[in-house]
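Subject: Structure handover

Hello,

Here is the structure I promised you. Please open it alongside this note, and I will go through what turned up.

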Amino acid sequence: MDTFSLNLYKNFQSFGAVKLIDFVRFEELIDHILLDIGYWNHMDLPVQKASITVTDVMDVPQQEEMFGECGVFMLIYMKQLVSGQPIDISTKPVIAATQFRSRMSIIYYESSRKAILN
């Protein structure tokens, strides 16, 4: 938020039908949200217009199939980003997605089993 920057992590660069969102409208939306939540008052700053810097991150691992991996890739990226790790998949992307699905199913199964037992 301090820098008003947005990084785009596109994991399927070759799919030509994907279009970037209209960032002018996105900035207007951010302006309204910041006012609605009282961001400027809370931060004790004068109201400003959002001017968002967009960076298209180019070294993102690419999924190999057209369907079925988008959500898994997004989860892999988010896990790495929120834990401070660089975006990196050292194994073949389809294998990384399968491994991630397996880990997530085990976590889900274990949490559901604990909830039932409690």
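A residue counts as buried when its relative accessible area is under 20%, and as exposed when that area is over 50%. Tyrosine 39 has 14% relative accessibility, so tyrosine 39 is buried. Keep in mind that this is a predicted model.

Overall layout

The protein has four helices and two strands. Reading from the N terminus, the order is β-α-α-β-α-α. Of the 118 residues, 25% are buried. Take the contacts with a separation of 6 or more: 65% of them come from residues 24 or more positions apart.

Aromatic cluster

Back to tyrosine 39. Phe4, Tyr39 and Trp40 make up one aromatic cluster. How many aromatic pairs are there? The count is two. One is phenylalanine 4 with tryptophan 40, a tilted pair with 6.2 Å from centre to centre and 40 degrees between the planes. Phenylalanine 4 sits in the segment before β1 (5-9) and tryptophan 40 in helix α2 (residues 39-42), so this pair ties together parts of the chain 36 residues apart in sequence. Tyrosine 39 and tryptophan 40 form an edge-to-face pair, because their planes stand at 80 degrees, with ring centres 5.0 Å apart. Phenylalanine 4 is buried, at 13% relative accessibility. Tryptophan 40 is buried too, at 4%.

Charged residues

The structure holds one salt bridge. Aspartate 31 and lysine 49 form it, and their closest N and O atoms are 3.1 Å apart. This pair also links distant parts of the chain. Aspartate 31 belongs to helix α1, lysine 49 to the loop between α2 and β2, and 18 residues separate them. Are the two partners buried or exposed? Aspartate 31 is buried, with 13% relative accessibility. Lysine 49 is exposed, with a relative accessible area of 62%.

Side chains of opposite charge can pair when their charged atoms come close. Glutamate 27 is a case to look at here. It lies in helix α1 (residues 23-36). Glutamate 27 is buried yet has no salt bridge. Which side chain of opposite charge is nearest to glutamate 27? It is lysine 49, 6.2 Å away. The cut-off for a salt bridge is 4 Å, so a nitrogen of Lys or Arg must lie within that distance of a carboxyl oxygen of Asp or Glu. Leaving aside neighbours within four places in sequence, glutamate 27 is in contact with Ala50, Ser51 and Ile52.

Helix packing

Helix α3 (residues 70-82) packs against helix α4 (residues 93-117) at an angle of about 80 degrees. Their axes are 10 Å apart. The two helices are therefore roughly perpendicular to each other. On the α3 side, the contact is made by Val72, Phe73, Leu75, Ile76 and Lys79. On the α4 side, Pro93, Ala96, Ala97, Phe100 and Arg101 take part.

A backbone detail

Look at aspartate 44 as well. Its phi is near 55 degrees, a positive value in a residue other than glycine. Aspartate 44 is found in the loop between α2 and β2 (53-57). Aspartate 44 is exposed, with a relative accessible area of 69%.

Best wishes

Key:
Residues numbered from 1 in each chain as written. Predicted model: local features only at pLDDT ≥ 70, side-chain atom pairs only at ≥ 80, totals over all residues. Heavy atoms only, no water. Buried < 20%, exposed > 50% of the residue type's maximum accessible area, 1.4 Å probe, protein only. Lys, Arg positive; Asp, Glu negative; His and termini not counted. Contact = heavy atoms within 4.5 Å. Phe/Tyr/Trp six-rings, centres within 6.5 Å; stacked < 30°, edge-to-face > 60°. Axes fitted to C-alpha atoms, helices over the stretch in contact; angles between N-to-C directions. Parallel < 35°, antiparallel > 145°, perpendicular 65-115°, else oblique.
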